[in-house]
Amino acid sequence: MKMTLRWYGSAYDTVTLEQIKQIPGVTGVITTLYDVPAGEKWSAKAIKSMKDEVEAAGLEVSGIESVNIHDSIKIGTPDRDKYIQNYIETLEELGKQDINLVCYNFMPVFDWLRTKLDKKRPDGSTVLAYDASVVENLTPQMLFDEIKNSSNGFIMPGWEPDRLDHIKGLFEAYKGVDEEKLFNNLVYFLKAIQPVCEKYGMKMAIHPDDPSWPLFGLPRIIRNQEMITKLLKAVDAPFNGLTFCTGSLGTNLDNDLPKMIRAFGSRIHFAHIRNLHHFSPGVFEEAAHLSSDGSFDMYEIVKALYTVGFEGPIRPDHGRTMWGEKCMPGYGLYDRALGATYINGLWEAIDKNTKGN
Ligand SMILES: [Mn+2]
C-alpha cells in the first residue's frame with residue numbers, strides 16, 4: 001500500500017504540501033481540480049500544473065478524488081453522452097500524464113451527509129456527526145444551510161454553493177430515477193469509459209454512499225456487499241473497482257468491513273480508513289483512528305487489506321479538529337497525520353508478524 005493524504009490544492013487547502021511531506025511514510029496526495037465544475041473537461045495544462053506542484057514538493061499524485069459525475073449522467077437525460085465524452089477526454093488527459101486512479105461517486109444530490117460538522121467530544125476536539133432523527137425533521141435546504149454555517153467558511157466537497165442553488169431543480173430531475181434506473185445509468189457510464197480506462201490502465205474506484213442508506217427518497221446503490229458485488233459483476237473488468245471507505249460502509253453496522261475487503265480483494269483500488277463511534281443505529285460520530293476510540297477493529301480492517309495484497313493508496317479519512325487548528329471540518333493536518341502514523345504502525349506490525357521476523 002501507499003500512504004497518502006487528501007489535498008484540495010494550494011488555493012483551497014489549509015494544509016501545505018510541505019507539511020504533508022513531513023508526515024512519516026506519506027508518499028503522495030490524492031487531489032483534484034477543485035474549481036472545475038462537474039461535467040467540464042479537465043485541461044492538460046491544469047493537470048500538468050497541479051502535478052508539477054505536487055512533484056516539486058517531493059510527493060506524487062497517487063490518484064484523483066474526485067472527477068465528479070454530472071447529474072445528467074446519473075439521471076440518464078439525453079445530453080448525458082456529451083458529458084460522458086468530456087469525462088472520457090478528462091481520463092485521456094490524466095492517463096497521458098500517468099495518473100491512473102480516479103475516485104468518483106454516483107450519489108444523487110448529496111455526496112455525503114452529516115447533521116453536524118463540529119460536534120464536541122469529551123476530549124475537546126470536534127468531529128462530524130450524524131443523527132438520523134435530525135434528518136427526519138429537516139428539509140434538504142435546512143441541511144445545506146447547516147453544512148454551510150458550520151464549515152468554518154470552507155466549501156465542503158459535494159456541498160458547493162452552485163449545487164445549493166439548484167437543489168429544488170435537482171430533486172425534480174431525479175423524480176422517476178429509482179435504484180434500477182440509477183444502476184443502469186452507472187453501468188452505461190462504465191461501459192462507455194471502459195476503452196479509455198483500459199488504454200491507460202486507469203482504475204475507476206467508486207466511492208460508497210455515505211451514509212449507506214437512501215435519503216429523502218433518493219436511491220442509493222453502493223451501500224452493501226450485495227450491491228457492490230452486483231456492480232463489479234455487471235462490468236466485470238479490473239478497471240471497474242471500488243474505493244473501500246470504512247467510514248461510509250461502516251455507517252451501517254450490518255456491513256462486516258473485514259469480510260467485505262476479503263470478498264472484493266483485487267477490485268479494491270483505493271482505501272479510506274476512518275473510525276466511527278456508534279451510539280445507536282443511525283446515530284454516530286467520527287472518532288480518532290485508534291480502534292479503542294470508536295466502534296471498528298482497525299487492526300482487522302488493515303489486516304484484511306494486507307491479506308488481499310492491497311497495493312493501492314490508503315488515506316486516513318476525516319480526522320478530528322484539534323489542537324486549535326483552523327481547517328475544513330475533517331481535513332485538518334493533525335489528526336490525519338496521527339491516523340497515517342497509526343495505520344502505518346498497524347501495517348508494519350502485520351507485515352513483520354506475517355513474515356515471521
Ligand atoms: Mn470516504
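Asp236 is exposed, because 9 other C-beta atoms lie within 10 Å, where a residue counts as buried with 20 or more other C-beta atoms within 10 Å of its own, as exposed with 12 or fewer, and as partly exposed in between, the C-beta atoms being placed from the backbone. Asp236 belongs to the loop between helix H10 (225-234) and strand E8 (240-245), and its C-alpha atom is separated by 31 Å from that of Thr27, which is 209 residues apart along the chain. Helices (H or I, at least four residues) and strands (E, at least two) are DSSP runs, numbered from the N terminus.

The structure is a predicted model, in which local features need pLDDT of at least 70 and side-chain atom pairs count only at pLDDT 80 or more, while totals for chains, interfaces and linings use all residues. Residues are numbered from 1 along each chain as its sequence is written.

**Overall fold**

The protein chain has 14 helices and 12 strands. Its radius of gyration is 19 Å, close to the 21 Å that the globule rule gives for 357 residues, so the chain is as compact as a globular protein of that length; the radius is taken over C-alpha atoms, and the rule is 2.2 Å times the number of residues to the power 0.38. Along the principal axes, the C-alpha atoms fill a box of roughly 55 × 50 × 40 Å. Buried residues account for 42% of the 357 residues. Of the contacts with a separation of 6 or more, 74% involve residues 24 or more positions apart, a contact being a pair of residues whose C-beta atoms, placed from the backbone, lie within 7 Å.

**Helix packing**

Two packed helices are described by the angle between their axes and the distance between the axes. Here the axes are lines fitted to C-alpha atoms, for helices over the stretch in contact, and angles run from 0 to 180 degrees between N-to-C directions.

| Helix pair | Angle | Axis distance |
|---|---|---|
| H4 (residues 80-96) and H9 (residues 179-200) | roughly 15 degrees | within 10 Å |
| H13 (residues 298-307) and H14 | about 60 degrees | 10 Å |

H4 and H9 are therefore roughly parallel to each other, given that angles under 35 degrees count as roughly parallel, over 145 as roughly antiparallel, 65 to 115 as roughly perpendicular and the rest as oblique. The contact involves residues including Ile84, Tyr87 and Leu91 of H4 and Phe189, Ile193 and Val196 of H9. The residues of this contact divide into 10 nonpolar, 1 polar and 2 charged, with Ala, Val, Leu, Ile, Met, Phe, Trp, Tyr, Cys and Pro counted as nonpolar, Asp, Glu, Lys and Arg as charged, and the others, Gly among them, as polar.

H13 and H14 are, by their angle, oblique to each other. Their contact is made by Met298, Tyr299, Val302, Lys303 and Tyr306 of H13 together with Ile343, Leu346, Trp347, Ile350 and Asp351 of H14, and these residues divide into 8 nonpolar, no polar and 2 charged.

**Backbone features in loops**

A cis peptide bond, with omega about 0 degrees, joins Glu65 and Ser66, and Ser66 lies in the loop between strand E3 (60-65) and helix H3 (71-75).

Phe216, which lies in the loop between E7 and H10, has a positive phi of about 50 degrees although it is not a glycine, and it counts as partly exposed with 15 C-beta neighbours inside 10 Å. Trp323, in the loop between strand E12 (313-316) and helix H14 (334-355), has a positive phi near 55 degrees and is exposed, with 11 other C-beta atoms within 10 Å.

Key
Contact = placed C-beta atoms within 7 Å.
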